[in-house]
Amino acid sequence: MANKQFDVVVIGGGPGGYVAAIRAAQLGLSTACIESESYADPKGEVRLGGTCLNVGCIPSKALLQSSELYEQASHSFVMHGISTTGVKMDVATMIKRKDNIVGQLTSGIKGLFKKNKVTLLPGHGKFIGQENDRWRIDVNGEVVEATHVVVATGSKARHLPGIPIDNKLICDNVGALSFDATPKRLGVIGAGVIGLELGSVWKRLGSEVTILEAMPDFLASADQAVAKEAWKTFTQKQGLNIQLGVKITKVETGKKGVSVEYEHGDETKTLQCDRLIVSVGRVPHTAGLGAENVGLELRPSGYINVDKNCRTNLPNVWAVGDVVPGPMLAHKSMEEGVMVAECIAGQKGHVNLDTVPWVIYTHPEIAWVGKTEQQLKNEGIEYRTGQIPFAANGRALGQGDTTGFVKMIACAKTDRILGVHIIGNNASELIAEAVVAMEFNASSEDIARICHAHPTLSEAMHEASLAVDKRALHF
Ligand code: FAD
Ligand code: NAI
């Protein structure tokens, strides 16, 4: 029987892969997408959506929402005159709700595949060679052929030597999103995005949370003003115990849970906890892809080598998302997926890595786009800043949530916006205005001339733009 043939075969059904497949199909290309993982599908069927939908963005945000509501009901309602007693969290219900959202979204992608006529090929995809200008890929013993291949195999949690992950007591992101009860004492290794988001979830639900971070600086990639405010809020107001500059020396499990030995300055300390989350970054995933069979070039760091249009060293083989260099973010992966599909169809695709926003969904949320003050100083670029606290914003006061600020940085010579850094309620939504502004090369004066609805948190963005020119009206 002849092999199945497609114009485009995508390996990996995460945000990079499934979006590439849908866009390619929209553009009239016969398209298939190979996905191997069933994650925790109750029927054991392959699930689309990758890390993001199954064990990443979506489940973590569902838990953040539930735990934030619990926190508000327990502590914040009272300032509105609403008294609550006996507020309880049923962790099983919270996890079930999260699982339902994941199930709904992952099956939704299957529906989108049907609608767009993308063929789902369940199984593990592996390059086996090239024949007559067509790439040959093995999918669990069946060979499919493609003119173009998009590798979107994503990333896996980085594990540390000597710290075996069982996803029960010692968890990476997979186990950490499915705890069956609130641990009395939670240890986290790594004060990065996952450590802060999931540390916040369980802190709100009553865990004593200790986060052990190797670096001496907190949130080193964020603007220092934001990192300082976040540190104050998380450690002093919320009671997250974050230890910086530690070196983990031993991790052991026993009847009492997990014991983590670490060096902190001159001292050797032990953290005893009931569960441990290891969140020390992610690594590109190319295991079993058969890169060696076709000479697909990887960098020493494990990322697939690509040019700015995500072309690999092989003709008509492309790679997108976490498996290629750049921020490991779902929206960046999706943008690259679209770009590649459009390039394959002969169009001009583009992704601007300079305007990819970052969001940390703690409370307050943290979001930024563009350069930090530190980066601009290092690059010798002269700039002006405008910073407006949410305490000066009527909507934030009405919401009873005034932590944080909006900080805008503009070029001293041209006034072009170079970066926007927000810490505060709804920063994840507010940052979109800054992204649009930067994508269109807007100046702080452009934002200053835009009418922002009153009363909204977005007025803080407006005021920050005015503050760049030292003419804020309400601060
Ligand atoms: P993935 O989502 O990893 O998908 C790759 C898919 O390829 C997987 O399903 C895998 O099974 C499949 N695959 C791999 N090899 C093969 C093979 N050989 N054959 C067949 N299939 C294969 N990003 C955000 O932007 N916002 C967030 O809020 C956010 N929160 C996160 C929270 C957590 C806890 C984690 C872990 C990550 C989070 N991320 C977030 C990051 C985001 O999940 C990733 O950037 C995104 O999923 C990357 O998409 P991708 O398509 O490149 O890879
Ligand atoms: P991360 O890179 O954000 O943070 C890892 C932290 O662990 C760093 O601060 C690092 O210094 C520290 N670390 C590394 N080795 C260590 C060690 N041996 N001991 C102690 N600390 C150590 O990685 P994280 O949190 O695992 O998340 C992975 C990626 O997933 C993120 O970088 C991001 O790309 C994505 N993600 C995005 C989210 C979002 O957009 N809101 C949410 C969660 C994850």
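View 1. The side chain of arginine 158 contributes an N or O atom that is 3.1 Å from a nitrogen atom of ligand 2. Around ligand 2 there are 23 residues, of which Ile194, Glu213, Gly281, Met328 and Val359 come nearest; a residue is counted here if one of its heavy atoms lies within 4 Å of the molecule. This is a predicted model, in which local features need pLDDT of at least 70 and side-chain atom pairs count only at pLDDT 80 or more, whereas totals for chains, interfaces and linings use all residues. Residues are numbered from 1 along each chain as its sequence is written, chains are lettered from A and ligands numbered from 1 in the order in which they are written, and side-chain values use heavy atoms, with hydrogens and water left out.

View 2. A backbone N or O atom of alanine 330 is 2.8 Å from an oxygen atom of ligand 1, while the side chain of histidine 331 places an N or O atom 3.2 Å from an oxygen atom of the ligand. A polar backbone atom of serine 155 lies 3.5 Å from an oxygen atom of ligand 1.

View 3. The domain assignment gives domain 1 (4–157 + 283–351), domain 2 (170–280) and domain 3 (355–468), with bounds that come from an automatic or database assignment. The C-alpha centres of domain 1 and domain 2 are 28 Å apart, and 18 residues of domain 1 are in contact with 16 residues of domain 2, where contact means heavy atoms within 4.5 Å. About 1,300 Å² is buried between domain 1 and domain 2, with carbon and sulfur atoms giving 66% of this area; buried area is the accessible area (1.4 Å probe) that two parts lose on being put together, summed over both. Val55, Leu64 and Val91 supply 33% of the area that domain 1 buries against domain 2, more than any other three residues.

View 4. Two salt bridges are found across the interface of domain 1 and domain 2, a salt bridge being a side-chain nitrogen of Lys or Arg within 4 Å of a carboxyl oxygen of Asp or Glu. The side chains of arginine 204 and glutamate 68 form a salt bridge with an N to O distance of 3.4 Å. On the side of domain 1 that touches domain 2, the elements giving two or more residues are helix H2 (50–55), helix H3 (57–76) and helix H4 (91–116), and H3 gives the most, with nine residues. Helices (H or I, at least four residues) and strands (E, at least two) are DSSP runs, numbered from the N terminus.

View 5. Histidine 363 and proline 364 are joined by a cis peptide bond with omega about 0°, and proline 364 sits in the loop between strand S18 (358–360) and strand S19 (365–370). The peptide bond from histidine 454 to proline 455 is also cis, with omega near -5°, and proline 455 belongs to the loop between helix H13 (444–448) and helix H14 (458–468). Asparagine 316, a residue other than glycine, has a positive phi near 65°.

Definitions and conventions. A polar contact is a pair of N or O atoms within 3.5 Å; within protein, one must be able to donate a hydrogen and the other to accept it, and residues adjacent in sequence count only if both atoms are side-chain atoms.
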